[in-house]
Amino acid sequence: MRKQSLTLAALCAATVLGLTAPTAVAAAAPAAAGTPAPADSADFNGDGYPDVATSAPTTTVSGLARAGAVAVQYGSPTGLQKPVLITKNTPGVPGLPADGGRFGILHGQGDVDGDGYVDLLVEGGADAEHRSTGIMILRGSKDGITGRYTSQLHSGAYAVGGPSVHVTDPHIGDVTGDGIADIVTPSYNTDGKSGLAILQGPLSPATNEPARILFRDTETLDNSPARNLHLGDMTGDGIADIVLGPYGTGTLLKGTPGGLVKGGSLVGYGAGGSFGDLNKDGYQDFVSGDGGTWNTADGGRIAVTYGGPDGVSTTIPARVYTQDTAGVPGVSEVGDRFGASVSVGDTDQDGYADIVIGASYETGSDTAATWSGSVTVLRGSATGVTTTGAKVLTQDSPGVPSTSEKDDHFGSAVSVIDTDKDGKAEVYVGGYGEDNYAGRVWKLKTDATGITGTGATAYNFADLGGAAGRAHFGFAFGSGGSYLDLRT
């Protein structure tokens with residue numbers, strides 16, 4: 001079995017990353033400027049069709065409230081197929097379901113063991129004594145994610161080339177350029193410094209040990225705490241880069257085989273984010289979403305930072321958009337949370353990636369339907385983001401199932417994926433507050449005019465074979481989601 005924990009011996013054999021200049025790496029040509037792949041694609045069973053993982057962190061399992069689960073649905077020529085539901089009752093998953101455990105909050109996806117199948121990082125939740133069980137790796141296989149070979153990342157202190165560090169919020173991407181995904185996580189040491197720990201892939205299928213562990217003191221080297229991480233390729237060299245930083249600004253660290261290199265600053269950086277080529281120049285751009293909180297005065301915003309051969313573009317300025325920006329539908333109001341979730345992908349088949357933006361606390365035309373939520377689409381173009389042809393959809397839009405109601409939180413998660421590979425991406429929208437926090441997911445179709453409510457469908461966790469009742473289903477798709485109010 002591969003049901004292992006990271007051993008302390010492996011973690012002690014770590015390497016410090018950052019104090020010396022990395023080996024020079026030849027500049028790579030940018031990727032061909034064709035139709036951009038949807039940002040959130042993942043193939044857990046290796047059949048070539050993108051799959052979808054959806055969190056249901058408060059569903060009931062074996063009579064235990066808020067024990068949590070993950071639904072994994074597989075793409076096919078006819079779209080998503082019957083799901084597999086993963087809980088702590090699933091054979092191979094460590095531990096047991098616990099009342100209030102909230103297993104299954106998603107952290108990222110990628111092939112961490114180099115076997116050709118995408119793996120999924122999830123929150124292990126709490127045990128019956130309310131102790132955190134850390135992060136688990138649900139491993140992909142020819143049968144998809146089954147629970148078999150699940151491994152657990154210990155969340156305690158590890159000795160990494162000096163002061164011990166703590167693994168906190170891991171993400172997946174190949175930042176070392178060896179073609180195998182790494183696990184990147186914010187860390188802090190006993191001196192109170194904030195940094196990045198990189199568990200370099202492949203993680204051994206026999207022992208679950210990483211090839212090595214790297215650490216970068218980002219407070220000293222980059223003048224930035226390592227929080228709000230996102231991984232994507234802004235330089236076009238095929239190696240993932242790391243976005244990190246506090247609100248208002250951010251730092252790009254370019255991934256290279258010789259180590260991490262500063263690649264510029266990002267403007268208007270927030271907690272949510274997604275990558276895609278908005279102007280079709282061959283470089284991924286970064287869209288950050290700063291939805292604030294339910295009482296944030298400005299109602300939320302997104303910021304677009306354009307990529308280039310050196311990381312952040314030196315020729316195209318970053319731009320910030322709110323609902324008060326000319327051409328953007330709606331009005332910025334207190335607590336709309338515009339930008340709480342974002343996803344980048346081509347929604348109108350013109351070859352330019354577009355931005356799908358969730359405003360999960362937006363109030364619709366019926367003022368009684370507070371916090372019902374909405375989704376806005378801003379299009380990409382040769383000059384970058386344009387507000388021309390912008391669209392907004394709610395549950396009251398023609399064709400969209402259900403009706404906007406109080407606390408639905410439509411738009412709490414958004415994801416652009418082409419699960420049937422017909423060249424027309426679908427937009428999946430989570431509304432974790434639907435039906436008294438049972439939650440629901442909407443599948444919205446796209447055509448040459450963009451996102452449309454025509455032919456839209458919706459489903460909840462019970463429709464997939466899970467328990468009825470409160471689940472917060474649709475809180476997050478494969479790489480994270482919006483703020484989850486644990487009081488609900």
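Biologist: Is Arg379 buried, partly exposed or exposed?

Modeller: Arg379 counts as partly exposed, at 24% relative accessibility. Here, buried means under 20% relative accessible area, exposed means over 50%, and partly exposed lies in between, with a 1.4 Å probe and protein chains only.

Biologist: What should I know about the source and the numbering?

Modeller: This is a predicted model, in which local features need pLDDT of at least 70 and side-chain atom pairs count only at pLDDT 80 or more, while totals for chains, interfaces and linings use all residues. Residues are numbered from 1 along each chain as its sequence is written, and side-chain values use heavy atoms, with hydrogens and water left out.

Biologist: Back to Arg379, then. Which residue forms a salt bridge with it?

Modeller: Asp350 does, and the closest N and O atoms are 3.6 Å apart. A salt bridge is a side-chain nitrogen of Lys or Arg within 4 Å of a carboxyl oxygen of Asp or Glu. Asp350 lies in the loop between β25 (338-345) and β26 (354-359), and Arg379 in strand β27 (residues 374-379), so the pair ties together parts that are 29 residues apart in sequence. Strands (E, at least two residues) and helices (H or I, at least four) are DSSP runs, numbered from the N terminus. Asp350 is partly exposed too, at 26% relative accessibility.

Biologist: How many salt bridges does a search of the whole structure find?

Modeller: The search finds twelve. Among them, Asp143 pairs with Arg148 at 3.0 Å between the closest N and O atoms. Asp143 is partly exposed at 39% relative accessible area, and Arg148 is partly exposed at 36%.

Biologist: And Arg440 with Glu434: are the two residues buried or exposed?

Modeller: Both count as buried: Arg440 has 16% relative accessibility and Glu434 has a relative accessible area of 1%. Their salt bridge has its closest N and O atoms 3.7 Å apart. Elsewhere, salt bridges that share partners join Asp127, Glu129 and Arg131 into one network.

Biologist: New topic: the sheet. In what order do the four strands β15, β16, β17 and β18 form it?

Modeller: The order is β15-β16-β17-β18, in an open sheet with antiparallel pairing. Two strands pair if DSSP finds at least two bridges between them. At the edges stand β15 (230-232) and β18 (261-267), each with a single partner strand, so one side of each is left without a neighbour in the sheet. From one strand to the next, the twist averages 25°. For that angle, axes are lines fitted to C-alpha atoms, for helices over the stretch in contact, and angles run from 0 to 180 degrees between N-to-C directions.

Biologist: Over how many bridges do β17 and β18 pair?

Modeller: Strand β17 (residues 249-254) pairs with β18 over five bridges, in the antiparallel sense. Gly250 has Leu266 in β18 as its bridge partner, and Thr251 has Ser265. The hairpin of β17 and β18 has six residues between the strands, and Gly259 there takes a positive phi near 130°.

Biologist: What about Val243: which strand does it lie in?

Modeller: Val243 belongs to strand β16 (residues 241-244). It counts as buried because its relative accessibility is 0%. Leaving aside neighbours within four places in sequence, Val243 is in contact (heavy atoms within 4.5 Å) with residues including Leu229, Thr251, Leu266 and Phe286. Phe286 is 43 residues apart from Val243 in sequence, yet 8.7 Å apart in space, C-alpha to C-alpha.

Biologist: With which side chain does His171 make a polar contact?

Modeller: The partner is the side chain of Asp169, at 3.4 Å. A polar contact is a pair of N or O atoms within 3.5 Å; within protein, one must be able to donate a hydrogen and the other to accept it, and residues adjacent in sequence count only if both atoms are side-chain atoms. His171 is found in strand β11 (residues 171-173) and is buried, with 13% relative accessible area. Its contacts beyond four places in sequence include His107, Asp182 and Leu229.

Biologist: Finally, what does the secondary structure of the protein chain come to?

Modeller: It comes to three helices and 34 strands. Of the 488 residues in the protein chain, 58% are buried.
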